[in-house]
Amino acid sequence: MKNSQLVARSFLASFALLLSLFVVACGNDKGKVEAVNMLYGTDSKVWKTAKETDATGDKVKQTDAQKQEELRIFANGNYTMTSAAESVSGKYTFDQAAKTITMTPQGATAGNQFTVETLTDDKLTLVGTSGAKLMLEKE
């Protein structure tokens, strides 16, 4: 009887450990900022808005036109934002240690700095200075 109880306890302990590892591995990516190449892949990567929240955390309703907007980030430090109405190009700098990205439109003297809350192969979350968040997904 004691052997079967030890085997059962050992099994349950192993199962609990595996379950906790699975939960950690499959948890959300918030706060995970990987290497700069996650921004652009091998040459460039297209990002589309998945969700946007305002500074208070309330969801911002996206129009059909906004859902079609794209942010293409290139390996050479350039970016292009394209919407139905316009296209804006510029340069970006990414500081992985500070978890920030600064995007400077072409012809501008100053850039817009965002905190990078999440950066993985398929997710990018940018937080503006107001606290508004833009959650992007790889197209």
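Reader: Is Lys48 buried or exposed?
Author: This is a predicted model. In it, Lys48 counts as buried because its relative accessibility is 18%, and the cut-off for buried is under 20%.

Reader: Which residue forms a salt bridge with Lys48?
Author: Glu139, with the closest N and O atoms 3.7 Å apart. Lys48 sits in strand β1 and Glu139 in the segment after β8, 91 residues apart. Glu139 counts as exposed, at 57% relative accessibility.

Reader: How many salt bridges does the count come to?
Author: Five. One of them joins the side chains of Asp121 and Lys45, at 3.1 Å from N to O. Asp121 is in the loop between β6 and β7, and Lys45 is in strand β1, 76 residues away. Lys45 is buried at 6%, whereas Asp121 is partly exposed at 38%.

Reader: What about Lys133, which residue is its salt-bridge partner?
Author: Glu117, at 2.9 Å between the closest N and O atoms. Lys133 lies in strand β8 and Glu117 in strand β6, so the pair ties together parts 16 residues apart in sequence.

Reader: Switching to the core. Which residues touch the most other members of the largest nonpolar one?
Author: That core has 17 residues, and the ones touching the most other members include Leu39, Ile73, Tyr92 and Leu119.

Reader: Which element gives the largest share?
Author: α2, with three residues.

Reader: And what does Leu119 touch?
Author: Beyond four places in sequence, its contacts include Val33, Met38, Leu39, Phe94 and Leu124.

Methods
Residues are numbered from 1 along each chain as its sequence is written. This is a predicted model: local features need pLDDT of at least 70, side-chain atom pairs count only at pLDDT 80 or more; totals for chains, interfaces and linings use all residues. Side-chain values use heavy atoms; hydrogens and water are left out. A nonpolar core is a set of buried Ala, Val, Leu, Ile, Met, Phe, Trp, Tyr and Cys residues joined through side-chain atoms within 4.5 Å. Buried means under 20% relative accessible area, exposed over 50%, partly exposed in between (1.4 Å probe, protein chains only). Helices (H or I, at least four residues) and strands (E, at least two) are DSSP runs, numbered from the N terminus. Contact means heavy atoms within 4.5 Å. A salt bridge is a side-chain nitrogen of Lys or Arg within 4 Å of a carboxyl oxygen of Asp or Glu.
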